Amino acid sequence: MTKLYFLLSALSVTCLFSQKKDSVNLISEVKIDAYKKPTTFIVSTRSVSVVSENLLNQNTPERMLESINQIAGARMEERSPGSYRISLRGSTLRSPFGVRNVKVYLDDLILSDASGNTYFNVISPELIDRMEIYKGPESGDYGAVTGGTVLLKTRSSDNLSANLSIGSYGTFNQSFDLSKQIGKHFLEVFQNYYQTDSYREQSKVKRKQIFIKDNFQYSEKGILKGMLMYSDLDYQTPGGLTFEQMNINRKQARPKTATLPGAEEQNAGIRNKMFLAGLSNEYQLNQNFSHFILVQGSYVDFENPFITNFENRFEKNFALRTHFNYEKNWGKVSLAYRLGFEGGMNDILIKNYDNNKGFEGDPQNFDQLKNTSGFYFLSQKLNFDEKLFTDVSISLNSNSYDWERFYPRTENGKIDFKNQWLPNFGFTYLFAPGFSARGKIGKGNSAPTNEEIRSSNQQFNVNLSPEFGWNKEIGIRKQFGNFFFIEASYFDFRLEDAIVRRQNEAGQEYFINSGKTIQKGFEVLLESKFFDLKNDFFSQFKFRFSGSFYDFKFKNYQQNQNDLSGNDLTGVPRTTINSLLNFTFFKKLSVDYSHFYTSKIPLNDANSVWSESSLVGNIQFRFPVDFEKTRVNVYLQIQNLYNEDHVSGFDINAFGNRYYNPAAKRNFVLGMKVDF
């Protein structure tokens with residue numbers, strides 16, 4: 001409570017200082033891209049949050065946790081360094097690791113595969129210049145998910161910089177970025193190397209990444225974009241601990257039992273090499289019509305030595321997106337249509353062996369899995385007198401997969417899920433400049449990913465069905481003068497055939513459809529611009545507060561003979577409150593002071609085990625040193641400032657009560673970024 005009191009006191013005092021008009025756009029005037037459907041934030045019909053430079057600066061070199069967790073309704077969890085998951089409005093339920101039920105795009109490219117799985121951890125945070133996070137179903141433009149959509153944006157302006165940092169537990173990070181307009185080409189070359197020994201045993205991480213793009217404006221009407229990315233990620237997985245094991249030694253990896261070896265003995269970890277390439281072309285056919293097309297492919301070489309087996313996966317992915325666009329303006333009325341298709345194929349060869357202390361042993365199962373998914377979509381934007389803004393869309397979604405086992409026996413099958421019509425309707429009314437209200441209703445659908453169809457128990461789950469549901473929400477956005485912005489949203493999402501995770505006694509996971517959920521929530525954001533305090537000592541101040549307040553329940557939920565209806569949704573905190581205070585001293589020294597409060601979390605469906613609530617504080621100091629043509633930004637980040645015992649990613653519904661993945665105690669990153 002003392003820490004919270006300090007935050008509120010600091011806010012109330014500094015708000016009394018004088019301000020002057022900032023030359024930067026008002027918060028309400030921020031432009032969002034919405035995948036080539038640009039609009040100003042204040043009139044957007046969508047539940048969207050923008051992660052801009054100020055939030056991205058809070059990240060440590062290996063993750064985007066600090067910036068994403070400042071967004072109401074979004075939550076990034078770290079089970080161990082390198083092992084992350086993202087949930088939007090409670091989609092953690094089916095994500096023991098990785099990113100599922102959240103669609104992710106990287107510029108024009110589709111980062112998610114055809115089954116809905118995303119290797120989000122191959123992306124270096126330093127590559128990303130901006131993020132847009134869409135919460136809830138947006139099936140008209142983004143297809144079949146119920147969680148939400150994340151758009152990652154790379155740089156769009158000239159930049160030449162290098163970054164070097166060191167930190168606790170042997171952390172080392174180096175990156176280089178060159179972004180430059182050369183004639184008709186905008187080029188970017190990005191390179192990153194990161195490694196750390198990490199806090200716990202068996203949790204080393206190493207990542208290498210190269211990214212190249214070329215945006216070629218070959219005519220006034222057309223632009224051709226090419227992108228190449230290679231990422232090599234290698235991280236160890238220490239595994240979950242019981243509460244007693246965590247209290248004995250927070251740093252230990254999962255120990256061995258009477259029947260199973262431990263994580264360190266088996267050298268448990270993930271080795272993921274990914275190559276992604278794509279081309280897109282956008283062409284203005286005439287004043288009203290334009291066309292966009294994207295083709296892309298990727299290859300993934302994935303190794304996972306686990307406690308009970310050694311898994312190799314070889315993935316080939318192909319995707320296509322195309323749409324025709326029509327826009328017309330009649331003065332006080334403007335109309336836009338989009339008609340298109342997005343589809344993908346995901347072909348995976350999976351080989352499981354015995355794990356002989358980190359090496360392949362005797363074969364267990366060899367399988368082939370092919371996912372095919374796609375959707376046709378039609379969307380319309382109709383705006384009246386710059387007051388009423390509407391967005392109506394519908395998509396027809398298909399999803400199927402073929403599976404084949406060819407060792408130790410031969411069998412195969414094919415599953416075609418029922419095609420789904422997914423409508424969305426949203427509107428915003430602008431009462432006055434800087435003040436709007438919006439409403440939205442939409443249906444979402446999410447088919448099982450390849451890692452749920454064939455999970456770590458190595459069985460094909462042919463009875464698993466897509467989950468689906470309707471989302472309804474309302475919200476307001478209000479700008480107060482040129483200083484404050486507030487946004488509040490209320491939503492009610494009803495999910496049917498919820499996909500939930502189970503574990504067997506060997507720690508292997510599998511998934512089932514089980515009942516319904518009722519997910520009601522209130523999200524709020526309060527943000528200021530930078531206040532100029534007209535003081536050489538205390539020069540500038542900015543604040544940001546966000547909160548999520550949820551009432552998520554199971555409905556008609558049966559587990560064996562137990563009726564769990566009315567229980568809280570597993571893995572989802574009722575309350576999260578986040579804050580970021582930005583101070584500037586001597587017109588140069590920047591101090592970022594952030595807090596993340598998380599209420600207790602139910603760790604199993606029975607709600608018999610709960611986590612403790614946590615309050616984690618971080619602080620960052622940044623100081624620029626200017627030379628003739630170069631600026632050196634020296635920074636110091638202190639994570640877990642109060643040295644709290646906390647867990648930033650739980651294993652939900654874990655067998656043997658191994659729920660806990662202890663996070664690092666107080667740690668630091670010291671570095672410098674050179675802008676040439």
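A polar contact is a pair of N or O atoms within 3.5 Å; within protein, one must be able to donate a hydrogen and the other to accept it, and residues adjacent in sequence count only if both atoms are side-chain atoms. The model is predicted, so local features need pLDDT of at least 70 and side-chain atom pairs count only at pLDDT 80 or more, whereas totals for chains, interfaces and linings use all residues. Residues are numbered from 1 along each chain as its sequence is written, and side-chain values use heavy atoms, with hydrogens and water left out.

View 1. The side chains of Ser179 and Asp177 are joined by a polar contact of 2.9 Å. Ser179 counts as buried because its relative accessibility is 1% (buried is under 20% relative accessible area, exposed over 50%, partly exposed in between; 1.4 Å probe, protein chains only). Apart from neighbours within four places in sequence, Ser179 is in contact (heavy atoms within 4.5 Å) with Arg155, Ser157, Asp158, Asn159, Phe186, Leu187 and Glu188. Strands (E, at least two residues) and helices (H or I, at least four) are DSSP runs, numbered from the N terminus.

**View 2. A nonpolar patch on the surface.** Leu160, Phe176, Leu178, Val189, Ile210, Ile212, Leu228, Tyr230, Phe275, Tyr299 and Phe676 make up this patch, and their accessible area together is about 920 Å². Strand E13 (171-182), strand E15 (205-216) and strand E16 (222-236) each give two or more residues to the patch. Patches are made of residues with over 30% relative accessible area and no salt bridge; like charges are joined within 9 Å and nonpolar side chains (Val, Leu, Ile, Met, Phe, Trp, Tyr) within 5 Å. A salt bridge is a side-chain nitrogen of Lys or Arg within 4 Å of a carboxyl oxygen of Asp or Glu. Areas come from the Shrake-Rupley method with a 1.4 Å probe; for residues, only the protein chains shown count as cover. Leu160 is found in strand E12 (residues 159-167) and is partly exposed, at 31% relative accessible area.

**View 3. The hairpin of E4 and E5.** Strand E4 (residues 74-80) is largely enclosed by the rest of the structure, because seven of its seven residues are buried. E4 pairs with strand E5 (residues 83-88) in the antiparallel sense over six bridges (pairing needs at least two DSSP bridges between two strands). Glu78 has Tyr84 as its bridge partner in E5. Two residues lie between the strands, and Gly82 takes a positive phi near 95°.
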